[in-house]
Amino acid sequence: QVQLVESGGGLVQAGGSLRLSCAASGLTFSNYAMGWFRQAPGKERAVVAFISWNGGSTHYADSVKGRFTISRDNAKNTVYLQMNSLKPEDTAVYYCNANWGIISTRGGPYWGQGTQVTVSS
């Protein structure tokens, strides 16, 4: 079955950086657009960034543009989220998502279990 396993979360001070990884298995990775979502306490899950199957197109939430970068390595079945200049409002559980074919800001059918990112002020 499809598995998406996130790693790289943790506690970081404001202004710091983290790199999240999501390793995918059970699917033909290069057929899927991949994305990151986040959910803060008391808020709905929201898209952070998405990348097309070949990395040629990306989408970012306005709140992270210029600070976060999504990338992928199809040879390793892995998608990354480089997060720089982190702010306390970036604190959330971050989820990896896979959608067949195209970028979907609503998210595709496959989700990881999530990784916690906490940014202290």
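Three salt bridges are present in the structure, a salt bridge being a side-chain nitrogen of Lys or Arg within 4 Å of a carboxyl oxygen of Asp or Glu. The model is predicted: local features need pLDDT of at least 70, side-chain atom pairs count only at pLDDT 80 or more, and totals for chains, interfaces and linings use all residues. Residues are numbered from 1 along each chain as its sequence is written, and side-chain values use heavy atoms, with hydrogens and water left out.

Asp90 takes part in a salt bridge with Arg38, at 2.9 Å from N to O. This pair links distant parts of the chain. Asp90 sits in the loop between β8 and β9, and Arg38 in strand β4 (residues 32–39), 52 residues apart. Strands (E, at least two residues) and helices (H or I, at least four) are DSSP runs, numbered from the N terminus. Asp90 and Arg38 are both buried. Here buried means under 20% relative accessible area, exposed over 50%, and partly exposed in between, with a 1.4 Å probe and protein chains only.

Asp90 also meets the side chain of Arg67 in a salt bridge, at 2.7 Å from N to O. Again the pair links distant parts of the chain. Arg67 lies in the loop between β6 (58–60) and β7, 23 residues from Asp90. The relative accessible area of Asp90 is 1%, so this residue is buried. Arg67 is buried as well, at 11%. Through shared partners, salt bridges join Arg38, Arg67 and Asp90 into one network.

Another salt bridge pairs Asp62 with Lys65, with the closest N and O atoms 3.1 Å apart. Asp62 counts as exposed because its relative accessibility is 64%. Lys65, at 48%, is partly exposed.

Strand β8 (residues 78–83) is mostly covered, with five of its six residues buried. Two strands pair if DSSP finds at least two bridges between them. Strand β3 (residues 18–25) runs antiparallel to β8, and six bridges join them. Within this pairing, Leu20 has Leu81 of β8 as its bridge partner. Strand β7 (residues 68–73) is likewise antiparallel to β8, over six bridges. Here Thr69 stands opposite Gln82. The hairpin of β7 and β8 has four residues between the strands, and Asn77 takes a positive phi near 55 degrees in this hairpin.

Gln82 belongs to strand β8. Its relative accessibility is 27%, so Gln82 counts as partly exposed. Gln82 and Arg19 are 63 residues apart in sequence, yet their C-alpha atoms are 4.4 Å apart. Contact means heavy atoms within 4.5 Å. Neighbours within four places in sequence aside, Gln82 is in contact with Ser17, Leu18, Arg19, Arg67, Phe68 and Thr69. Its side chain also forms a polar contact of 2.9 Å with the side chain of Asn84. A polar contact is a pair of N or O atoms within 3.5 Å; within protein, one must be able to donate a hydrogen and the other to accept it, and residues adjacent in sequence count only if both atoms are side-chain atoms.

Side chains alternate along β7. Phe68, Ile70 and Arg72 point to one face and are buried. Arg72 is buried yet has no salt bridge. The nearest side chain of opposite charge is that of Asp73, 8.2 Å away; Lys and Arg count as positive and Asp and Glu as negative, while His and the chain ends are not counted. A polar atom of the Arg72 side chain lies 2.8 Å from the backbone oxygen of Tyr32. Residues up to four places away in sequence aside, Arg72 touches residues including Phe29, Met34, Ile51, Trp53, Val79 and Tyr80.

The structure holds one disulfide, defined as a pair of cysteine sulfur atoms within 2.5 Å. Cys22 and Cys96 form this disulfide, with their sulfur atoms 2.1 Å apart. Cys22 lies in strand β3 and Cys96 in strand β9 (residues 92–100), so the pair ties together parts that are 74 residues apart in sequence. The torsion about the S-S bond is about -80 degrees, so the disulfide is left-handed. Cys22 is buried, at 0% relative accessible area. Cys96 is also buried, at 0%.
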